Amino acid sequence: MTNELVLLQTIRPIWTHRVLQSLARGAGLREGLRNQLDQFFNLLEEAVETGDPAWLDSVIEIWATSLTQTDLEGGTSNLTRLMGELMVHTHEVCRETLDEAQGQTLMGALLPCFSHAFEKAAQAENQVKMAFLSNELADVRQSLEKLDRSKSDFISVAAHELRTPLTLIEGYAAMLEESLEQEAAKGTEAQLIRGIHHGTRRLHSIIDDMIDVSLIDNNMLTLNHQPVWVNRLLAVLSEEVRSTLSDRNLSLNLADFEGSNEMIFGDPERLLQLLRNVLTNAIKFTPDGGQIWIDGRKLPGFLEITIHDSGIGIDQEDQSTIFDKFSRLGDPSLHSSGKTKFKGGGPGLGLHIAKGIVEAHNGAIWVDSPGYDEKKFPGSTFHILLPIQQEPPDEKMARIFSSLHTTSSSERKTQPYETF
């Protein structure tokens, strides 16, 4: 038996009593802790006798896995703090029980053991806490996914439920209008009827947007691929907004860029909706008298369309969330009520739908802006990237499968896989 081991056994009773009094108050707690301290001290003796601090690993791992929920949530380093207290008590007992030479001898043998214990405790505690945090993140992710599904379900149900009473309002308004026309209604009554029609059209638009959001979120948006010429879509769109541009004294500059007059395949109605939503957004946030430019370019395999405005711009932190559902710039309470008026209000679904449509076409959309400024008007540029498809995807796949079906088995054996 080594001299260090004899000295360690000498201080054991005093050490155990000191640690018990410090760490546990109740008699029941002291009895439970005594067994753990005895196990630790037995392994500490083995580590000193063999010179291998790894003897302490097993008890440290047990202590790490026994961390309570409160310990993990609090984020405190309870295990490493415990190792520090054990070392302090060991040094105090050595100083009080042994002479200076004996104390230095024993502490010299114990320091490598405690140093290893500190490192092992930190590693084990971090592993346990990482596992705890991973489980917490998984729970949060499931809760967010459930919440998102609930929001999508609510949007879908609300949109469909609103359509029925709205149809009734439209029907009764049409009947009332016809009745008033037969009775030679006054101008005021006719104006009220027009107001009802305007309101129902606006509600129909919002409900249609809600249904589109539900389709996009549930990956149910279907496309009717047809031949499309982008310049024709832009011509239709510019005609649609002509009166709005005139009312607000806005200039729309439509460029004849390369690739815009070439035939591609896509869903023309959805692509027109995509361009309309982005252009409406540019109109909404460009002050009266401002300008909007639509340009683009042909890239290898893609057609890029840019819609640039001289509006108020978008903050950098908002550029990553502007395509989210119900995302709106600025304070909604300060927005005007008109859909295309400057800083007009809205449910914040247009750009989210635009993103869903362009991604359904295997394209992409993003925005660039120096920032938000209602005095300098730095403007924003929306980039729409559409793949140039020379035939509908469903027909292309049908042709591929047809060619595979007609190829004989002998030809398939000799034909390299890359050709498929």
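Here are a few notes on the structure above, point by point.

1. First, the ground rules. This is a predicted model, where local features need pLDDT of at least 70, side-chain atom pairs count only at pLDDT 80 or more, and totals for chains, interfaces and linings use all residues. Residues are numbered from 1 along each chain as its sequence is written, and side-chain values use heavy atoms, with hydrogens and water left out.

2. The overall picture: the protein chain has 13 helices and 7 strands. These are DSSP runs numbered from the N terminus (helices are H or I with at least four residues, strands are E with at least two). Of the 420 residues in the protein chain, 38% are buried; buried means under 20% relative accessible area, exposed over 50%, and partly exposed in between, with a 1.4 Å probe and protein chains only. Take the contacts (heavy atoms within 4.5 Å) between residues at least 6 apart in sequence: 74% join residues at least 24 apart.

3. Have a look at helix 1 (residues 3–23). Its 21 residues reach 29 Å from first C-alpha to last, close to the 30 Å expected at 1.5 Å a residue; the expected span is 1.5 Å times one less than the number of residues. There is also a kink of about 45° at arginine 12, shortly before proline 13. That bend is the angle between axes fitted to the seven residues ending there and the seven starting there. Arg12 is on the list of buried residues in helix 1, which also includes Trp15 and Val19.

4. Histidine 89 sits in helix 5 (residues 78–97) and counts as buried because its relative accessibility is 11%. Leaving aside residues up to four places away in sequence, histidine 89 touches Trp15, Arg18, Val19 and Ser22.

5. Helix 10 (residues 268–284) and helix 11 (residues 350–360) pack at about 145°, with axes 9 Å apart. Axes here are lines fitted to C-alpha atoms over the stretch in contact, and angles run from 0 to 180 degrees between N-to-C directions. On the helix 10 side, the meeting residues include Arg270, Leu274 and Val278; on the helix 11 side, they include Gly350, Ile353 and Ile357. The contact residues divide into 8 nonpolar, 4 polar and 1 charged, where Ala, Val, Leu, Ile, Met, Phe, Trp, Tyr, Cys and Pro count as nonpolar, Asp, Glu, Lys and Arg as charged, and the others, Gly among them, as polar.

6. Lastly, aspartate 148 lies in helix 6 (residues 100–182) and is partly exposed, at 33% relative accessible area. Aspartate 148 and aspartate 217 are 69 residues apart in sequence, yet 9.1 Å apart in space, C-alpha to C-alpha.
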